[in-house]
Amino acid sequence: MKSFYKYTFMLFVFLIGTMMMGEEISGEIIVFHAGSLSVPFAQIEKAFESQYPGTDVIREAAGSREAVRKVTDLGKEADVIGSADYTVIENLMIPEYTEWYINFANNEMVIMYTENSRYKDEINSDNWYEILLRPDVEYGHSDPNADPCGYRSQIVWKLAEKYYGVDNLYQKLADNCPPKNVRPKETDLIALLEAGELDYIFIYKSVALQHQMPYVELPEQINLKSTKYADFYATASFDVTGKEPGEMITQVGQPMVYALTIPKNAPNPQGAIAFIKFVIGQQGQAIMEENGQPPINPPEGVNIEKAPYEIQDFLKGGAND
């Protein structure tokens, strides 16, 4: 009789555990993410939902700062934030809206164009600024206050002034890029480029690769790709709006690092945990690599002791185990 009760209890515990596991990976999972993550996250969504058919990943792409402000300023609920710059999470979310994040991928700045762009056969990594400053050339970038790609483009211009030794180059580039050529996020610029309204746009290399578009590679000293030139990157900065009206935050040049976190108001935290583990696991890293956004391997947790224990255990065990 004792063995019968013991068996019954063990079966009950197993069934409850199974039900809880099902709850952990079911329901809607709301993901606010950078526009430059749209392509890889669409593929990750499909693979994730195939592995966990009880889930429905709902993604909203925007500039990283805009994505975060949906939570911090508009009070919207999200399960996962995917930012193109970890400092967006640091500056706008910690400690009120989250206390940790994971650095999981890299990127670099390039200049994208089309086969119809003016002087496409002349432009290269040495003369790009001369081409852009010609009076009949139109170029654009995303809004620095909405999107990290926007302030990164400005930092690239400032670094270029130092690297090429051209006086007032930053101001010349800024003066010749009118407001109509600035859009909320970098992917918004692609339509203008394809329509011929712009000849060139400053964008992430991954986006150019994903759209199979030609691009100009920039020297590593200014493309914000390499930790080798981190000290030089840090000599340029750009001010963007802060948490409060009238407040400004100084974004300092640094190597590009994408980050993930779970907001404190996440309606489906267990689904969020499963999604993040998938992104930083083998399948997610392979998808990021295929889309021109090299994964950080192993992923780097920041303040990770404040993250859910499932995330902590996953990182300690090795995301690729």
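At what angle do helix 11 and helix 13 pack, and how far apart are their axes? In this predicted model, the angle is about 15 degrees and the axes sit 10 Å apart.

**Helix 11 and helix 13**

- Helix 11 covers residues 269-280, while helix 13 covers residues 309-317.
- Angles under 35 degrees count as roughly parallel, so helix 11 and helix 13 are roughly parallel to each other.
- If you look at how helix 11 and helix 13 cross, you'll find that the crossing is right-handed.
- On the helix 11 side, the contact is made by Gln-270, Ile-273, Ile-276, Lys-277 and Ile-280.
- On the helix 13 side, Glu-310, Ile-311, Phe-314 and Leu-315 join in.
- Sort the residues of this contact between helix 11 and helix 13 by type and you get 6 nonpolar, 1 polar and 2 charged.

**Strand 8 and its cover**

- Strand 8 runs over residues 200-204.
- Is strand 8 mostly covered or mostly uncovered? It's mostly covered, with 5 of its 5 residues buried.

**Who pairs with strand 8**

- Strand 5 (residues 109-113) pairs with strand 8 in the antiparallel sense, over 5 bridges.
- To spot strand 8 opposite Ile-111, look for Phe-202.
- Strand 6 (residues 139-142) also pairs with strand 8, but here the sense is parallel and there are 2 bridges.
- Tyr-200 in strand 8 has Tyr-139 standing opposite.

How values were computed: Residues numbered from 1 in each chain as written. Predicted model: local features only at pLDDT ≥ 70, side-chain atom pairs only at ≥ 80, totals over all residues. Heavy atoms only, no water. Buried < 20%, exposed > 50% of the residue type's maximum accessible area, 1.4 Å probe, protein only. Helix = DSSP H or I, 4+ residues; strand = E, 2+ residues; numbered from the N terminus. Pairing = 2+ DSSP bridges. Axes fitted to C-alpha atoms, helices over the stretch in contact; angles between N-to-C directions. Parallel < 35°, antiparallel > 145°, perpendicular 65-115°, else oblique. Left-handed = near helix turned anticlockwise from the far one by under 90°. Contact = heavy atoms within 4.5 Å. Nonpolar A, V, L, I, M, F, W, Y, C, P; charged D, E, K, R; others polar.
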